[in-house]
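Subject: Structure for your review

Dear colleague,

Please find below the structure that I am handing over to you. I would be grateful if you would read the notes that follow with the structure open beside them.

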Amino acid sequence: DHACLDTVTLNTAISACEKGGKWEKASELYSLMRQTSLEWDTITVNAVISACEKCGKWQKALQLFNVMPQIRVESNTITYSAAMSACEKGGEWENALRLFSAMVHSSVESSTITCNAMISACEKGGSWEKALYLFSEMARLNVESDIISFNSTISACEKAG
């Protein structure tokens, strides 16, 4: 019986699954929402993408990200950050870079976290030039750099020799 379920309750449960590293359960709850008359929203999708990201399921995160326009859910900075982070953790820096480019072109605001995820993805992918470029782009995008930005950029350059 799903009579007592609502969007807020399921979003909370999905977020708890994300924090507990239970991406399968988060995905099940998301599927339950899609099968009922409950509305899913950006918060719902962000929580499921984040759960996938935390469990190293970059393909699932990307799949969900890509279906967002079809299910009429808007993406935001958190959506892009989680999807990019999932790709970064999966060693898919080129996919992360494509997401970053799409984010910039869609006028979704960049954040320090988003840029750091990108720089880190490039660093892990051995692309120090792109890491350095992204670091310099932070100022143009009015995104504040932090110690992680500096360390990831330095590490990318260091790995290049």
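Trp58 belongs to helix α4, which covers residues 58-67. Please bear in mind from the outset that this is a predicted model. Is Trp58 buried or exposed? Its relative accessible area is 18%, and the limit for a buried residue is under 20%, so Trp58 counts as buried. Leaving out residues up to four places away in sequence, Trp58 touches Ala86, Cys87, Gly90, Glu92 and Asn95. By contrast, Ala156 lies 22 Å from Trp58, C-alpha to C-alpha, and the two are 98 residues apart in sequence.

With a relative accessible area of 1%, Ala86 is buried. Apart from residues up to four places away in sequence, Ala86 touches Glu53, Trp58 and Ala61. Ala86 and Ala51 are 35 residues apart in sequence, while their C-alpha atoms are 9.4 Å apart in space.

Helix α5 also contains Glu88. The relative accessible area of Glu88 is 7%, and this residue is therefore buried. When neighbours within four places in sequence are set aside, Glu88 is in contact with Ala117, Ser120, Ala121 and Lys124.

I turn next to pairs of helices. Two packed helices are described by the angle between their axes and by the distance between those axes.

The crossing in which α5 passes α6 is left-handed. On the α5 side, the contact is made by Tyr80, Ala83, Met84 and Cys87; on the α6 side, it is made by Trp93, Asn95, Ala96, Leu99, Phe100, Ala102 and Met103. Of the residues in this contact of α5 with α6, ten are nonpolar, one is polar and none is charged.

Another pair is formed by α2 and helix α1, the latter being residues 7-19. The axes of α1 and α2 come within 8 Å and cross at roughly 165°, which means that α1 is roughly antiparallel to α2. Here, too, α1 passes α2 in a left-handed crossing. Helix α1 contributes Thr7, Leu10, Asn11, Ala13, Ile14 and Cys17 to the contact, and α2 contributes Lys25, Ala26, Leu29, Tyr30, Leu32 and Met33. The residues of this contact of α1 with α2 comprise nine nonpolar, two polar and one charged.

How are α7 and α9 arranged, roughly parallel or roughly antiparallel? The axes of α7 and helix α9 (residues 147-159) come within 9 Å and cross at roughly 15°. Angles under 35 degrees count as roughly parallel, and α7 and α9 are therefore roughly parallel to each other. Their crossing is left-handed. The contact is made by Thr112, Asn116, Ile119, Ser120 and Glu123 of α7, together with Ile148, Ser149, Ser152, Thr153, Ser155, Ala156 and Lys159 of α9. The residues of this contact of α7 with α9 divide into three nonpolar, seven polar and two charged. Ser120, which takes part here, is also in contact with Glu88.

Finally, two loop residues deserve a look. Arg72 lies in the loop between α4 and α5 and has a phi near 60°, a positive value in a residue other than glycine. With a relative accessible area of 77%, Arg72 is exposed. Ser107 is placed in the loop between α6 and α7 (112-124). Although Ser107 is not a glycine, its phi is positive, at about 65°. At 66% relative accessibility, Ser107 is likewise exposed.

How values were computed: Residues are numbered from 1 along each chain as its sequence is written. This is a predicted model: local features need pLDDT of at least 70, side-chain atom pairs count only at pLDDT 80 or more; totals for chains, interfaces and linings use all residues. Side-chain values use heavy atoms; hydrogens and water are left out. Helices (H or I, at least four residues) and strands (E, at least two) are DSSP runs, numbered from the N terminus. Buried means under 20% relative accessible area, exposed over 50%, partly exposed in between (1.4 Å probe, protein chains only). Contact means heavy atoms within 4.5 Å. A crossing is left-handed if the near helix is turned anticlockwise from the far one by less than a right angle, and right-handed if clockwise. Ala, Val, Leu, Ile, Met, Phe, Trp, Tyr, Cys and Pro count as nonpolar, Asp, Glu, Lys and Arg as charged, and the others, Gly among them, as polar. Axes are lines fitted to C-alpha atoms, for helices over the stretch in contact, and angles run from 0 to 180 degrees between N-to-C directions. Angles under 35 degrees count as roughly parallel, over 145 as roughly antiparallel, 65 to 115 as roughly perpendicular and the rest as oblique.
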